[in-house]
Amino acid sequence: MTNPSRPIAVLVEDHPLHARVLRQALEGRLPGGRVELFADGTTACRRLLDGAEAVPDLLVLDLDLPGRSGHQLLAECAA
């Protein structure tokens, strides 16, 4: 369900400075695309497993997150 003309990246990072730097870097590499930022694994999991939302083209995970770790989030999304 991805749209090749408008790429979507999901960034899950709880540290504000890291999130800002990563978001800026991703936005610079995704012309016309969008970066969705989440600060915890639980909220990101809801977004990723919601069938109404487009499947992201890229997922960037911090491994040490509040709510769910990046490892748990990846395992749930891969299942």
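Modeller: The radius of gyration is taken here over C-alpha atoms, and the rule for a globule is 2.2 Å times the number of residues to the power 0.38. For the 79 residues of this protein, a compact globule would have a radius near 12 Å, and the protein agrees with that because its own value is 12 Å. This is a predicted model, in which local features need pLDDT of at least 70 and side-chain atom pairs count only at pLDDT 80 or more, while totals for chains, interfaces and linings use all residues. Residues are numbered from 1 along each chain as its sequence is written, and side-chain values use heavy atoms, with hydrogens and water left out.

The setting comes before the part itself. Along the principal axes, the C-alpha atoms fill a box of roughly 30 × 30 × 15 Å. Helices (H or I, at least four residues) and strands (E, at least two) are DSSP runs numbered from the N terminus, and the protein has 3 helices and 3 strands, arranged along the sequence as β-α-β-α-β-α. If contact means heavy atoms within 4.5 Å, then among contacts with a separation of 6 or more, 69% are between residues 24 or more positions apart. Residues are called buried under 20% relative accessible area, exposed over 50% and partly exposed in between, using a 1.4 Å probe and protein chains only; by that scale, 30% of the 79 residues are buried.

C45 is buried because its relative accessibility is 4%. Leaving aside residues up to four places away in sequence, C45 touches R68, L73 and E76. As for D14, C45 is 31 residues from it in sequence and 14 Å from it in space, C-alpha to C-alpha.

Which cysteine sulfur is closest to that of C45? The sulfur of C77 is, at 5.4 Å, and this is too far for a bond, given that a disulfide is a pair of cysteine sulfur atoms within 2.5 Å. C77 itself is partly exposed, since its relative accessibility is 27%, whereas C45 is buried at 4%.

The loop between strand 3 (58–61) and helix 3 (70–78) also deserves attention, and L65 lies in it. At 9% relative accessibility, L65 is buried, and its contacts, not counting residues up to four places away in sequence, are with V12, E13, D14, A39, G41 and G70. L65 is 25 residues from D40 in sequence, yet their C-alpha atoms are 5.6 Å apart. G67 lies in the loop between strand 3 and helix 3 as well, but G67 is exposed, with a relative accessible area of 65%. G67 and T42 are 25 residues apart in sequence, with 5.2 Å between their C-alpha atoms.

For a contrast elsewhere, G33 lies in the loop between helix 1 (16–29) and strand 2 (34–38) and is partly exposed at 25% relative accessibility. Beyond residues up to four places away in sequence, G33 touches R6 and P7, and G33 is 24 residues from D57 in sequence and 10.0 Å from it in space, C-alpha to C-alpha.
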